[in-house]
Amino acid sequence: MKTRPLTENDWPAAAALYAQLNTKVPLNADAKAIAQFAKVLAHDGTTIFGALSGDQVKAMVTLHLMPNVTYGGRPYGLIENVVTDQEARGQGLAKAAMTAALEAAWLADAYKVMLLTGLGNEAVGFYEKLGFVSTEKAGMILRRP
């Protein structure tokens, strides 16, 4: 199984995965969305890692490396938008993409990697198997009304 950073050429596969990630807010896969994807890819410290089945991107993870003042100025990582194609689940693709993202964070000397995940789904156990813990900090969200 192969993993690699995604590029603008991966937009069709990424769009299909984003559409599966958030079904409450439909993705408009138009020129504006393509431009936003390119903007995310070009953002300093951000990488979207894809896991491939054959030559098709079937899972992806976004890693943001954030500059920091504490911990000797070492960055920290934020993981977002972890998704595997519904037809490809259970094949280790998300684990491979997460492993690539975590290795990149450690290579960048990040002192920690954080993520939020929805409650009431199987994702919590998946992240725990990768070594994430939920007992150290509390995750909170405030959404714009």
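1. How much of the accessible surface of the chain belongs to carbon and sulfur atoms? The share is 54%, out of a surface of about 9,600 Å². Keep in mind that this is a predicted model.

2. Start with the layout. The chain holds 4 helices and 5 strands. Read from the N terminus, their order is β-α-α-β-β-β-α-β-α. The radius of gyration is 15 Å, close to the 15 Å that the globule rule gives for 145 residues, so the chain is as compact as a globular protein of that length. Along the principal axes, the C-alpha trace spans about 40 × 40 × 30 Å.

3. Next, the inside. Of the 145 residues in the chain, 32% are buried. Now take contacts between residues at least 6 apart in sequence: 58% of them join residues at least 24 apart.

4. Then the charges. There are 14 positive side chains and 13 negative ones. The centres of these two sets lie 5 Å apart.

5. Look at helix α3, residues 93-107. Its 15 residues reach 21 Å from the first C-alpha to the last. That is close to the 21 Å expected at 1.5 Å a residue. Just after α3, aspartate 109 takes a positive phi of about 65°.

6. Which residues of α3 are buried? They are Leu93, Ala94, Ala96, Ala97, Met98, Ala100, Ala101, Leu102 and Ala105. Their cover includes the strands β1 (2-5), β2 (46-53), β3 (56-66), β4 (76-84) and β5 (113-115). Helix α4 (123-129) is also part of that cover.

How values were computed
Residues numbered from 1 in each chain as written. Predicted model: local features only at pLDDT ≥ 70, side-chain atom pairs only at ≥ 80, totals over all residues. Heavy atoms only, no water. Helix = DSSP H or I, 4+ residues; strand = E, 2+ residues; numbered from the N terminus. Rg over C-alpha atoms; globule rule 2.2 N^0.38 Å. Buried < 20%, exposed > 50% of the residue type's maximum accessible area, 1.4 Å probe, protein only. Contact = heavy atoms within 4.5 Å. Areas by Shrake-Rupley, 256 points an atom, 1.4 Å probe, with all protein chains shown as cover. Lys, Arg positive; Asp, Glu negative; His and termini not counted. Charge placed at Lys NZ, Arg CZ, Asp CG, Glu CD. Expected span 1.5 Å × (residues − 1).
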